[in-house]
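Please read the following walk through the structure with the model open beside the text.

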Amino acid sequence: MKKSLSLLVAIAMVFSMFATVVSAAEEQQPTAGEYLNELGVILGNQDGDLKEDQTWKRQDIVVLLSRLFGAEDEAKGAEKTHEFKDVTDKNYDGYISWAVEEGLVKGKSATVFGFGDELENRDFYLLVLRALGQEVEYDKVGGAALEAGLAPEDTDFDAIPLRGETYTAIVAALKTPVGENGETLEELLGLVEAAAITSTQTGVKQITVKFNRAVDESKAKFEVKNNAAKRDVAKTTYSEDKKTVVLDLAAKLLDGASTVTVSGVSEKDLVADFTAQAEKVTDIKFLSDKLALGSLPAAPGSLPQPDNSKVSTAYQIVNQFGEDVTKSSGGSLTFHIGKPGATGTGNNGVLAVNGNGSATFTFGETIHVTAILNLGTYGVTANQAFTVGQQAVVDSVEIDSVYHPENKELNTASNFPDFVLLLDAKDQYGNKVNAAALKAGAFALTSNPTLFTLDIATALDAQGPNNDKLGIKLIAPNTGSMSFDGTNKVTVTTLFGQKSDSIDVVVKKAATLTTFTLNQPEEIVAAGDGTVKIPFSAYDQNGNALTKWSDVNTAKVNVNGALLKQNYLTKNAEIEWTVPTTPGVYFISSTVVGTPNVSQLQISVQAEAKADAVTGFDKVSNALVVGGTVEIKAENIIVKDQHGRNMKVADLLTDGFKVELSAQNPLAGVVTGFDTLETGTTSVTLTATKKGSEQVKVVLKNSTGGVVSEYAGFTFNVIDSGAIQADSYVVETPEKISVQEAAPVTGISTHDVAVKVTGKKSDGTVVTLPSNAYTLTAVAPLKVVDGKLNASASTLAENKTETGKYIVTILATGEQISKEIVITTEALLPTTFEAKDAGVLTAADLVVKGASANLTIANVFATIKAKDQFGVALPALAAADYTATVSELDGLVVGDITGNGQTANNVTVNVGSIAAGDSYSVTFTSIKNGKSVKVKVVATS
């Protein structure tokens, strides 16, 4: 048997590495030895001793070589062909004969092998040199190894390494990539199987990846491409054996060739291809063969009487992966009821059949129902015969957990209604029931009402992180100023059948504020600065830092001379101080209520800020190409006051200041378009006219025309296109372009795509080419409209993609750069959100403020604006396309909210119950794709 040269070189690496890793051997020996033992490269004795503190014998290293080559059986069974007289153990005859035949070892003479001799470093390097085809005399091994670069300069060739030291070296070498495709030595030798993956689409936004061996989830990184478009991975879920991972994506997959790339788990990236399918609704499933009689209204805790004018059942609309798409399937769903006078309507997975005053339903009656979902290009139908059954009642309950939307810990100082007991409840037909049914068919008890209570009459739908659970809000205990910690057992029991479930809920003792210290503001404070934040340090009885308003508020701290307030976005406490208009020394003090803890802060207020110096430009590139332009805005100019603080130039312009921009060498004309920034002219566009350098002069003048400061430390360097390296041009566009711009919606940005072309100067500086330095040509169905790519000519069907091509021609060199972009007809979906001022409400940082009477859900929804997956603003949002879930009530009660969790146009808040300072949160969730935004709503009056 002869191994390839590449493997011989790889084996050589094993022995040439160990001298460089001996220093780490002591720490790594056990791990390295155990690893080699698992591979079967070293076996140890019967007691499992790996002999790490012993040395190698010449015959033992031959056995090791056979195992590394995966040829132990062959070597062990080889016929004795050697002629060494000193081999006294016949068990080694085959191994030594095999190694001699392979050219890996030689004896010390024709008849002496050196059996039983300890191996020195020199012996190892002799093996290395032989593996590389070099025959070297024994006493010249050191020089040859050094000359070949195999051994470090300080190698002691007479030293005798311990086995443990070589174990570490061997493992290091086995883990080294030596193959043409990045395979490690242990993979090439067949000691371990090379890492590999397969991928399968298991949902419209889900891929399952399987590995052929366990992986370290902390190192694995995933990239998914669908028709060359990147799909972000929102969540990864690993199996217990770490060989399978489910990737939940942020967006749906479309039809086409797709790949999953995994990095971090092997020396080379692992890639698996699959063919993705766009979502297709395939089935309507009825979840029972019974139509349950309706129920007449009843008081909570009382079983209702049957209503023979109504029946209902549950259904699901599913896609080809069996996923429930009842709320997002789209299309038109109709039901045909096989009973004269009866009609059926479907809503959120419940078919409600109404007799409309002319038909009644009797127990045991058979009724045929046909469901038809019209999806435009195709339809889905379902037929089933139902038996009218008893009215649906709550038959079972299953408690999930106590939930807080921000994963807060429940303690004695918590706002208890922010915590919700999550549970599922089903009727006797196996269908999930809603909150109204839960209220009528179950009751809840707590074992320790001094901790908290709950009232099943307050049960809500659409609770929990996925808005798919029933929820009962906790109620604070009625214990006055006293608070208790401990465990409270909550039990929910059905009225029909007395089935119950319980959970132990722990209420911890809250942190107690004990220390509060005022700190100096982070910057100099000048007279007339308006308001500034005063930092503070707060600690509880255990020395833990406190920042939250729930821990540091006006009931616990008295601040004199400043305002202690809540930041509604971060929910932290803040101290806001109104700076006096006169310079001087001022004092602020604080006291922790009920303690002797007092803090006093002395603040020195400096003279009112005055513009003092222009010090440069911010975010203005000095590298331009002839024909290129650069816009200089007020915020690009750095002006500092006499205290060294940055000032807002826009505010200075409003106060009558001017910023004059000019060229130091106006005759050169390298850059033109210099002008003055002043009120009404807040930006100047400069044009690179010809090759050269142009120093900019900036003069700041006050409202009377007096010069405040001059600056001339910025120079534009203008080159022509020929100065850009020919092979450095880069063309960039987004990955995808939408066809939706065929009929633009008034008031939103275009979906046309801009092309950016850059190049590098010889010194590596990247410059952006002006549009007149290149031409842009599109290949049908792409077009060029106003210098941008436009895909409106595409005739693709819905939810399809194709590859579009365009060509950029560099005028200076004639070089043509051909690029591709994915053209897609995927529906425009809300992807990112923000809040804006709207009507009588103001919004900033997702906090909406206004007078209490104006804080309706409709008004709050009007503050929300969204961008689609291409970053383009969507037109006015429709409330019917979003659900609204109100939570975190402060000053309101559950009864003030109606329709919670339904579409935004059906949810109301009793604004008459809102007082100044009260607040609530509302989460708007898109029915189309599940994207959501949460805003805090605060009453200012």
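In this predicted model, strand E58 and strand E61, the latter spanning residues 919-926, pair in the antiparallel sense over seven bridges. Within this pairing, Thr883 stands opposite Thr925 in E61. The two strands belong to an open sheet of five strands, in which the order is E55-E56-E62-E61-E58 and the pairing is mixed. Strand E55 (842-844) and strand E58 (882-890) are the edge strands, each pairing on one side only. On average, and with direction ignored, neighbouring strands of this sheet are turned by 25° against each other.

Two residues in loops beside strands of this sheet can be looked at in turn. Ala880 lies in the loop between strand E57 (864-868) and E58, and because its relative accessible area is 42%, between the limits of 20% and 50%, Ala880 counts as partly exposed. If neighbours within four places in sequence are left aside, Ala880 is in contact with Thr903, Asn905 and Ile927. Its C-alpha atom is separated by 43 Å from that of Lys648, a residue 232 places away along the chain. Ser852, for its part, is placed in the loop between strand E56 (847-850) and helix H12 (857-861). Is Ser852 buried or exposed? With a relative accessible area of 14%, which is under the 20% limit, Ser852 is buried. Its contacts, again leaving aside neighbours within four places in sequence, are Val911, Ile914, Ala939 and Ser941.

E58 also takes part in the lining of a pocket. The second largest pocket holds about 850 Å³ of space, and of the 38 residues that line it, the closest to its centre are Lys408, Ser414, Asn415, Asp418 and Ser550. The elements that give two or more residues to this lining are strand E22 (469-475) and E58. Sorted by class, the lining of the second largest pocket has 15 nonpolar, 11 polar and 12 charged residues.

Rolling a probe the size of a water molecule over the atoms shows where empty space is left. A search of the whole structure finds two cavities of 30 Å³ or more, and the largest cavity has a volume of about 80 Å³. Eleven residues line the largest cavity, and Arg58, Val105, Leu119, Asp123 and Leu127 are the closest to its centre. Which helices each supply at least two residues of this lining? They are helix H3 (58-68) and helix H6 (121-131), and H6 gives the most, with four residues. The lining of the largest cavity has seven nonpolar residues and four charged ones, but no polar residues.

Another helix, H5, covers residues 93-101, and seven of its nine residues are buried, so H5 is largely enclosed by the rest of the structure. The buried residues in H5 are Asp93, Gly94, Tyr95, Ile96, Ser97, Trp98 and Ala99. Just after H5, Gly103 takes a positive phi of about 80°.

A further open sheet has four strands in the order E4-E3-E7-E8, with antiparallel pairing. Strand E4 (229-231) and strand E8 (270-276) stand at its edges and each has a single partner strand, so one side of each is left without a neighbour in the sheet. From one strand to the next, the twist of this sheet averages 25°. Strand E3 (residues 221-226) pairs with strand E7 (residues 256-263) in the antiparallel sense over six bridges, and Val224 stands opposite Val260 in E7.

Strand E49 (residues 774-779) and strand E52 (residues 801-810) run antiparallel and are joined by six bridges, with Ala778 standing opposite Tyr806 in E52. E52 is also joined by nine bridges to strand E53 (residues 816-824), and these two strands likewise run antiparallel. The bridge partner of Thr809 in E53 is Gln816. In the hairpin of E52 and E53, five residues lie between the strands, and Gly814 takes a positive phi near 80°.

Conventions:
Residues numbered from 1 in each chain as written. Predicted model: local features only at pLDDT ≥ 70, side-chain atom pairs only at ≥ 80, totals over all residues. Heavy atoms only, no water. 1 Å grid on protein atoms, 1.4 Å probe; cavity = no way out; pocket = protein on both sides within 12 Å on 5 of 7 lines; lining within 4 Å. Points joined across faces, edges and corners; volume = space filled by probe spheres on them. Nonpolar A, V, L, I, M, F, W, Y, C, P; charged D, E, K, R; others polar. Pairing = 2+ DSSP bridges. Axes fitted to C-alpha atoms, helices over the stretch in contact; angles between N-to-C directions. Buried < 20%, exposed > 50% of the residue type's maximum accessible area, 1.4 Å probe, protein only. Contact = heavy atoms within 4.5 Å.
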